[in-house]
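Dear colleague,

Please find below the structure that I am handing over to you. My findings follow directly after it.

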Amino acid sequence: EVQLVESGGGLVQAGGSLRLSCAASGFTFDDYAIGWFRQAPGKEREGVSCISSSDGSTYYADSVKGRFTMSSDNAKNTVHLQMNSLKPEDTAVYYCAANALCGWSGYDYWGQGTQVTVSS
C-alpha cells in the first residue's frame, strides 16, 4: 500500500521556522519525484517545491524561493521541507505527493496533509 505521511506542521510566529517531513512507503522511492503543495482556505492548491529522483535537483515556487529548502534522505525514504522566514500568507495545509517527474500537476500519490499556521 502506497503511503505518504506528512509531519512537522504547527503554529509559528511570522519570521519563524518549521521543518516538514514526508515519509514514503509502498513504492520505490528512488524512482519518484516528491513534491510539496499547499492549499489555503478558499484558495486553489499550489505547488511549493519538488525534488527530482534522478539527480536531486530542486525546484521552488517564486513565492518561497530563498526561504524554503527541500532535501531528501533516500536511506529513510523521507523528504524534508525546511521553511524559514515564514509569513502569514504561508498559512495552509501542506501536502507531499509522488510522481514520476517534478512538476506542478499530475501527481500519482498524495499524503493527508499537515497544517501550518503562521501568526502575524
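In the hairpin of strands β5 and β6, 6 residues lie between the strands, and G56 takes a positive phi near 75°. Strands here are DSSP runs (E, at least two residues), numbered from the N terminus. The model is predicted: local features need pLDDT of at least 70, side-chain atom pairs count only at pLDDT 80 or more, and totals for chains, interfaces and linings use all residues. Residues are numbered from 1 along each chain as its sequence is written, and side-chain values use heavy atoms, leaving out hydrogens and water.

β5 and β6 (residues 58-60) pair in the antiparallel sense over 3 bridges; pairing requires at least two DSSP bridges between two strands. Within this pair, I51 stands opposite T58. On β4 (residues 33-39), β5 has another antiparallel partner, with 5 bridges, and W36 stands opposite S49 there. Because 5 of the 6 residues of β5 (residues 46-51) are buried (under 20% relative accessible area, with a 1.4 Å probe and protein chains only), the strand is largely enclosed by the rest of the structure.

The structure also holds 7 aromatic pairs, meaning rings of Phe, Tyr and Trp (its six-membered ring) with centres within 6.5 Å; planes under 30 degrees apart count as stacked, over 60 as edge-to-face and the rest as tilted. The ring centres of F37 and Y107 are 4.9 Å apart and their planes stand at 80°, so this pair is edge-to-face. F37 lies in β4 and Y107 in the loop between β9 and β10, 70 residues apart. Both F37 and Y107 are buried.

Yours sincerely

Notes
Buried means under 20% relative accessible area, exposed over 50%, partly exposed in between (1.4 Å probe, protein chains only). Helices (H or I, at least four residues) and strands (E, at least two) are DSSP runs, numbered from the N terminus.
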